[in-house]
Amino acid sequence: MYRTFHIPKSSGGLRRIDAPLPELIAALRQLKVLLEENMFALYHTSAFAYIRGRCTVDAIKRHQQNESKWFVKLDFSNFFGSTTPEFVLAMLSMIFPFSEIVKRPGGRDELSKALSLCFLNNGLPQGTPISPFMTNVMMIPLDYKISNTLRNFDDRRFVYTRYADDLLISCKVDFNKDLVQRC
């Protein structure tokens with residue numbers, strides 16, 4: 001159901017793309033519309049990838065508005081490939097209205113069954129119409145946790161933005177990047 005190819009990464013190397021064949025694309029588009037229009041899960045304010053009206057420039061502007069001069073850039077290794085159905089279901093279970101679906105008898109199984117269309121070889125493939133939506137929704141609990149941790153870290157004002165699996169944390173003054181990363 002997929003056509004696989006590779007494109008160059010800006011950092012070097014190749015990025016694997018698994019593009020669904022037309023009939024699977026149609027099913028994934030329908031599922032995406034169903035989830036977007038009926039689930040009303042709002043993306044976190046720190047998320048900037050694949051969201052209408054937001055882009056990388058907007059993320060950078062947020063850091064500029066803070067007059068940040070110190071930055072740490074982090075990314076998740078093999079973000080899409082290591083995103084399993086179990087992880088996504090666990091994250092969605094923390095987000096309304098998905099949290100209500102999994103509470104119903106058979107709800108967890110039905111949601112899991114619907115989500116199974118989104119995965120290839122137990123990972124979330126890049127190149128499908130639903131992968132961007134899934135990444136932003138599943139990251140809501142993590143974005144919330146990172147934002148709150150930074151807000152309560154110390155009296156410095158940190159700015160946190162995320163573009164897919166790229167995290168950018170900044171501050172006006174120098175900070176211990178290793179300590180922030182461990183939090």
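**Inside a predicted fold**

Visitor: What covers the buried residues of H6?
Guide: Helices (H or I, at least four residues) and strands (E, at least two) are DSSP runs, numbered from the N terminus. Buried means under 20% relative accessible area, exposed over 50%, partly exposed in between (1.4 Å probe, protein chains only). Cover goes by contact, meaning heavy atoms within 4.5 Å. The cover includes helix H1 (22–39), helix H3 (85–92), helix H4 (98–103), helix H5 (107–115), helix H7 (140–151) and strand E4 (158–163).

Visitor: What kind of model is this?
Guide: Residues are numbered from 1 along each chain as its sequence is written, and side-chain values use heavy atoms, with hydrogens and water left out. Local features need pLDDT of at least 70, side-chain atom pairs count only at pLDDT 80 or more, and totals for chains, interfaces and linings use all residues: this is a predicted model.

Visitor: Why is H6 largely enclosed by the rest of the structure?
Guide: H6 spans residues 131–138. Ser131, Phe133, Met134, Thr135, Asn136, Val137 and Met138 are its buried residues. H6 is largely enclosed because the number of its eight residues that are buried is seven.

Visitor: Which residues is Leu115 in contact with?
Guide: Leu115 is one of the core members that touch the most others. Set aside its neighbours within four places in sequence. Its contacts are then Val88, Leu89, Leu92 and Met134.

Visitor: What stands opposite Tyr160 in E5?
Guide: Two strands pair if DSSP finds at least two bridges between them. E4 and strand E5 (residues 166–171) are antiparallel, with six bridges. Five of the six residues of E4 are buried, so E4 is largely enclosed, and five of the six in E5 are buried. Opposite Tyr160 stands Ile169.

Visitor: Which residue in the turn of the E4 and E5 hairpin has a positive phi?
Guide: Two residues lie between these strands. One in the turn has a positive phi of about 60°. That residue is Ala164.

Visitor: What is the bridge partner of Asp75 in E5?
Guide: E5 also pairs with strand E3 (70–75). Six bridges join the two, and they run antiparallel. The partner of Asp75 is Asp166.

Visitor: Which residue takes a positive phi in the hairpin of E1 and E2?
Guide: Strand E1 (residues 2–8) and E2 run antiparallel, joined by seven bridges. Pro8 has Leu14 as its bridge partner. Five residues lie between the strands, and the positive phi near 105° belongs to Gly12.

Visitor: What is the volume of the largest pocket?
Guide: On a 1 Å grid over the protein atoms alone, a pocket is an open set of points where a 1.4 Å probe fits, with protein on both sides within 12 Å along at least five of seven lines; lining residues have an atom within 4 Å of a point. Grid points are joined across faces, edges and corners, and a volume is the space filled by probe spheres set on the points. For the largest pocket that gives about 640 Å³.

Visitor: Which strand gives the most to the lining of the largest pocket?
Guide: The lining has 26 residues; Lys9, Arg15, Phe80, Gln126 and Asp165 lie nearest the centre. E2 (14–20) and E3 each supply at least two. The most, four residues, come from E2.

Visitor: Where is Tyr50?
Guide: Tyr50 has a positive phi of about 60° although it is not a glycine. Tyr50 is partly exposed, at 41% relative accessible area. Its place is in the loop between H1 and helix H2 (56–65).

Visitor: What is omega for the cis peptide bond of Phe96 and Pro97?
Guide: Pro97 lies in the loop between H3 and H4. The cis bond joins Pro97 to Phe96. Omega is about 5°.

Definitions and conventions:
A nonpolar core is a set of buried Ala, Val, Leu, Ile, Met, Phe, Trp, Tyr and Cys residues joined through side-chain atoms within 4.5 Å.
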